[in-house]
Amino acid sequence: MLLSPFTPLKLPNGQVIKNRLVKAAMEENLGDAELKPSSELVHLYRQWMRGGVGAMITGNVMVDHLAMTGPGGIALEADSELEMFREWSSVVDKGECKIIMQINHPGRQVYKRQGGKALAPSAIPLDMGKHSNLFAEPVAMTEADIEDIIKRFVQTSKQAQKAGFNGVQVHAAHGYLLNQFLSPKTNQRQDNWGGGIENRARLLLTIIKQIRQAVGADFIVAVKLNSADFQRGGFSCDDAAEVINMLNQEQVDFVEISGGNYEAPAMQGRGADEHTLAREAYFLTFAQQLQKVAQMPLMVTGGISNYSTASKVLASKVDLVGMASALAIQPDLPLWWQSRTEFKPKLPKVKLKDKTMTALATMATIRRHLSRHGHGKFSRPIHPVVSLVLDQMKLARLNKRYRKNYIDKAN
Ligand SMILES: Cc1cc2nc3c(=O)[nH]c(=O)nc-3n(C[C@H](O)[C@H](O)[C@H](O)COP(=O)(O)O)c2cc1C
């Protein structure tokens, strides 16, 4: 029998997601000056909730306010004031829709102009060609740094639970710290945290075990994992299968499958190695391979914006359909699909000569939609280059605010 995207799913912890359509994480850059959720951010999530998604995974929330993925970001730490986080989680009606906080540490993917810590398993800088000098030089982590990171992921999860979220998703994809540990290209440590996949996965596994111990059995604990890094010598699909096999021993409620990193942005549909990605549902064939190993539900995200593609994902026995860009453009897409399955949101098509600029302009265009929805305005098409210029101006302003409030004080 073919599953409809509107069929509920019971997670291993017993919580039920009312349908299979999940808003994937998008960093909204709508944090306030204190790195807390703003009222615009809360409004944006209210719109997604009303638009009929089964669950919303928040944009990444940092476990350390001195290690941010970008300006206008959000951090949740042991001593953070929870009021606005409570507002954020309370947009979901009881049981109607789940809200899951994505928690993250950028590792080496930190902009130089932003400042703060750029920690990594090994001191290997990003290779972004002529754009490499935009990023900070990373420092190889000590044992004490690793212990600190584990503690921070656990503290942030406990705070998310206290603030009323239904769960957390640990970000181990897209080239951020935990992905850097998983990848043999970026993790060249000779100790217990590097070498074979068991060692490279030790940090992720330790964090998951300790989070579960801290939050109990009912809270959702999920992971976002790359199917592969799409780089020669990087984290492979065989590595991903081994990690999922290890995660089978823990109580993980679902694993989201994605791919790529800043150097090879496969999550935007562009690989950098011999693999050609599908034009829609980019990682579906990888997810199907991983499904053979996974004992927990899998979700696949990347390149899904049509009802027919969402149905194809479910027909492939992948349990959840993750969508980011499509829901940024059309927050009420699930409601449309309830009555008109042929409805398609108009996604921005960005093609510039430089692949980094294309990636930045795509992100800028999507972020502009997020900001307009957050401010209660309708989405309007805008040229990607104009979006990029406006976005860079906004980010520069937010960056200045962050440096003044945090980095200058820490130095
Ligand atoms: C503006 C923007 C911000 C994003 N921020 C995050 C993030 O914070 N965490 C994350 O895991 N993925 C992030 N992503 C990636 C998406 O979750 C998703 O994996 C990717 O966009 C592919 O899905 P799509 O084709 O449905 O957009 C972001 C994507 C966009 C466009």
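## A pair between helix H6 and a loop

The side chains of Lys209 and Glu250 are joined by a salt bridge, with 2.9 Å from N to O. Because Lys209 belongs to helix H6 (residues 202–215) while Glu250 sits in the loop between helix H7 (237–247) and strand E12 (254–258), this pair ties together parts that are 41 residues apart in sequence. The two partners can also be described by their accessibility in this predicted model: Lys209 is partly exposed, with a relative accessible area of 41%, whereas Glu250, at 18%, counts as buried.

## A pair within helix H3

Another salt bridge links Arg152 with Asp148, and the closest N and O atoms of these residues lie 2.9 Å apart. Both residues are in helix H3 (residues 143–162), where they are four residues apart and therefore separated by about one helical turn. Arg152 is buried, its relative accessible area being 16%, while Asp148 is partly exposed at 23%.

Arg152 and Asp148 also take part in a network of salt bridges, in which they are linked with Asp64, Glu77, Lys117 and Lys151.

## A further pair and the whole structure

Arg340 forms a salt bridge with Glu342, for which the closest N and O atoms are 3.5 Å apart; Arg340 itself is partly exposed, with a relative accessible area of 38%.

In general, side chains of opposite charge can pair when their charged atoms come close. Across the whole structure, a search finds 17 salt bridges, and among them are the pairs Lys209 with Glu250, Arg152 with Asp148, and Arg340 with Glu342.

Technical notes: Residues are numbered from 1 along each chain as its sequence is written. This is a predicted model: local features need pLDDT of at least 70, side-chain atom pairs count only at pLDDT 80 or more; totals for chains, interfaces and linings use all residues. Side-chain values use heavy atoms; hydrogens and water are left out. A salt bridge is a side-chain nitrogen of Lys or Arg within 4 Å of a carboxyl oxygen of Asp or Glu. Helices (H or I, at least four residues) and strands (E, at least two) are DSSP runs, numbered from the N terminus. Buried means under 20% relative accessible area, exposed over 50%, partly exposed in between (1.4 Å probe, protein chains only).
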